[in-house]
Amino acid sequence: MKEDKKLRSGVAQTPTYGSDVMINSAPDEFIPQHPTTPDIAYQMVRDETYPQTQPALNLATFVTTYMDEYATKLMNDAINVNFIDETEYPRVAVMSAKCINMLANLWNTPQKDKWKTGAPAIGSSEACMLGGVAAWIRWRKRRQAEGKPFDKPNFVISSAFQVVWEKFAQLWQIEMRTVPITLDKTTLDPEEALKMCDENTICVVPIMGVTWTGLNDDVEALDKALEKFNKKTGFNIPIHIDAASGGFILPFLQPELKWDFRLKWVLSISVSGHKFGLVYPGLGWVIWRDKQYLPEEMNFSVNYLGAEVAQVGLNFSRPAAQILGQYYQFIRLGFEGYKQIQFNSMEVTKYVHGEIAKIPCFKNYSPDVVNPLFVWHMDQEYQKKAKWTLYDLQDKLQQSGWMVPAYTLPAKLEDVIVMRVVARQGFSRDMADMLLSDIRNAVAEFEKLEYPTPTRIAIDKKEHVKERIFNHGSHVTKKHAAAPKEEKKSKAKK
Ligand SMILES: *Cc1c(COP(=O)(O)O)cnc(C)c1O
């Protein structure tokens, strides 16, 4: 019988999996010549997207994977709303300004104006860029006014920076000076940071909720040290805080900790609305201490849409749905609701942290848990004899659906392989128990190994097993690069 080609390429009555499309490889070079039915297209895209993902078992990402049904409905309703169309949707701009007010006040802004100074962003990456660029422009204008050169800007940050800061340095050609973290000095050392500061330093960037370790830099100590330093030198170096995670944790769980605008030199703070702000991606915020710290050069007022629109972000058009989501969460949860959720995430984290400490082959990187995430590594004595590595554990856990990333720490600590758990809303105590039992079982199996695993052999051969965490760590790729070149003897002797 002659096949009805048209039917199989898709008309309304074609069964989705009876169509031609399903027995051919998916288009990857050219737009297909002909349309197909929406259900076939939908199924293809869906099938390609979801088979490997179980958001609840992904303990690598920081990004929200759960919102309630009303939030989801609100955001879906607004899926076609462009934030920049402020004349069409003027209330969205107002809603964004309300969120900025709430965050500024949450972080104890001294700004007296009714409307505080800040901007929505696609995530912390854009928010960090905006904070950094503002610091750079303020510095440049001051240098210009003083008739001094302004072509060699730098900023100072710990070696445990998130990759956005490397992009900031590259894209705007601003030298990044990094203070190494070590096993003893696990966060940014203020004195070491100051040693790297000079008249060309646009800002120091402490991190609240360091992506690599979960710890917080000591902003109060840095602020104090800068106060003395600035008095002595007149450099007036300010602070931008990358509070991607901590910005939504500390105000609720450690309100007494002084890390925010209560400190003199803190001029801007950025946060991810889509991390512990509890909104689906992508949303970030940056807040300035006062309007004078947002250079007017960055504030593009746009009026061709029929209104005077203050425009700070790198993007022009952007989705409005996330702003509705953030405002909804603020109203729905209130301060107390956020506190309850963050408290629970912390409790589960502390529980897992405590249980990991009881497993003899492991050691926590820090005895403190200050954000809902922590890292651990192998006990160093154990590691000498172990026939396996944390990469093997990562693979093993993945077989049960868990995504628990293993990676090496930054410069100077690149021999230390750690494993990280981020406990987001949705990771319950019961799930933590399942995870711990899978970890214990995996370790018991590894201990029966007769021969070392390939990753263990690679490490013994000093082959560099390099791990890179892209963005927030939800994508971890292993690069098994060649062994690093031996340092030349003559050089080493010098
Ligand atoms: C996640 C993170 C970023 C990047 O934020 P996005 O919201 O993913 O763009 C920057 N800095 C820190 C410390 C982070 O944890």
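1. A crossing is left-handed if the near helix is turned anticlockwise from the far one by less than a right angle, and right-handed if clockwise. The crossing of helix 12 with helix 13 is right-handed. Helices are DSSP runs of H or I with at least four residues, strands are runs of E with at least two, and both are numbered from the N terminus.

2. A word on the basis. This is a predicted model, in which local features need pLDDT of at least 70 and side-chain atom pairs count only at pLDDT 80 or more, while totals for chains, interfaces and linings use all residues. Residues are numbered from 1 along each chain as its sequence is written, and side-chain values use heavy atoms, with hydrogens and water left out.

3. Helix 12 and helix 13. Helix 12 spans residues 390-399 and helix 13 spans residues 429-447. Their axes lie 10 Å apart and meet at an angle of about 125°. Axes here are lines fitted to C-alpha atoms, for helices over the stretch in contact, and angles run from 0 to 180 degrees between N-to-C directions. The angle makes helix 12 oblique to helix 13. Under 35 degrees counts as roughly parallel, over 145 as roughly antiparallel, 65 to 115 as roughly perpendicular, and the rest as oblique.

4. Who makes that contact? Helix 12 supplies Asp392, Leu393, Lys396 and Leu397. Helix 13 supplies Leu435, Asp438, Ile439, Ala442, Glu445 and Phe446. Contact means heavy atoms within 4.5 Å. The residues of this contact divide into six nonpolar, no polar and four charged. In this scheme Ala, Val, Leu, Ile, Met, Phe, Trp, Tyr, Cys and Pro are nonpolar, Asp, Glu, Lys and Arg are charged, and the others, Gly among them, are polar.

5. Met431 also sits in helix 13. Met431 is buried, at 13% relative accessibility. Buried means under 20% relative accessible area, exposed means over 50%, and partly exposed is in between (1.4 Å probe, protein chains only). Leaving aside residues up to four places away in sequence, Met431 touches Ala56, Leu57, Trp402 and Gly426. Ala56 is 375 residues from Met431 in sequence, yet their C-alpha atoms are 9.2 Å apart.

6. Four strands form an open sheet in the order 10-11-13-12, with antiparallel pairing. Strands pair if DSSP finds at least two bridges between them. Strand 10 and strand 12 (406-408) stand at the edges with a single partner strand each, so one side of each has no neighbour in the sheet. Neighbouring strands here are turned by 40° against each other on average, direction ignored. Helix 12 lies across strand 10, strand 11, strand 12 and strand 13, and runs at about 35° to strand 13.

7. Strand 11 deserves a look. Six of the six residues of strand 11 (residues 373-378) are buried, so the strand is largely enclosed by the rest of the structure. Three bridges join strand 11 to strand 10 (residues 362-364), in antiparallel fashion. Asn364 stands opposite Trp376, and Phe362 stands opposite Met378. Five antiparallel bridges link strand 11 to strand 13 (residues 417-422). There, His377 faces Val418.

8. Strand 7 is another buried strand. Five of the five residues of strand 7 (residues 284-288) are buried, so the strand is largely enclosed by the rest of the structure. In a regular strand the side chains alternate between the two faces of the sheet. Here Gly284, Val286 and Trp288 point one way, Trp285 and Ile287 the other, and all are buried.

9. Strand 7 has pairings with strand 1 and strand 6. Strand 1 (residues 118-121) joins it antiparallel over four bridges, with Ala119 partnered by Val286. Strand 6 (residues 266-272) joins strand 7 antiparallel through five bridges, and Ser272 stands opposite Gly284.

10. Helix 5 and helix 6. The axes of helix 5 (residues 124-145) and helix 6 (residues 163-172) come within 10 Å and cross at roughly 45°. That makes helix 5 oblique to helix 6. The crossing is right-handed. Helix 5 contributes Ser125, Cys128, Met129, Gly132, Val133 and Trp136. Helix 6 contributes Val164, Trp165, Lys167, Phe168, Leu171 and Trp172. By class, the contact has nine nonpolar, two polar and one charged residues.

11. Last, a loop residue. Thr37 lies between helix 1 (5-10) and helix 2 (38-49). Is Thr37 buried or exposed? Thr37 is buried, with a relative accessible area of 9%. Not counting residues up to four places away in sequence, Thr37 touches Gly10, Val11 and Ala12.
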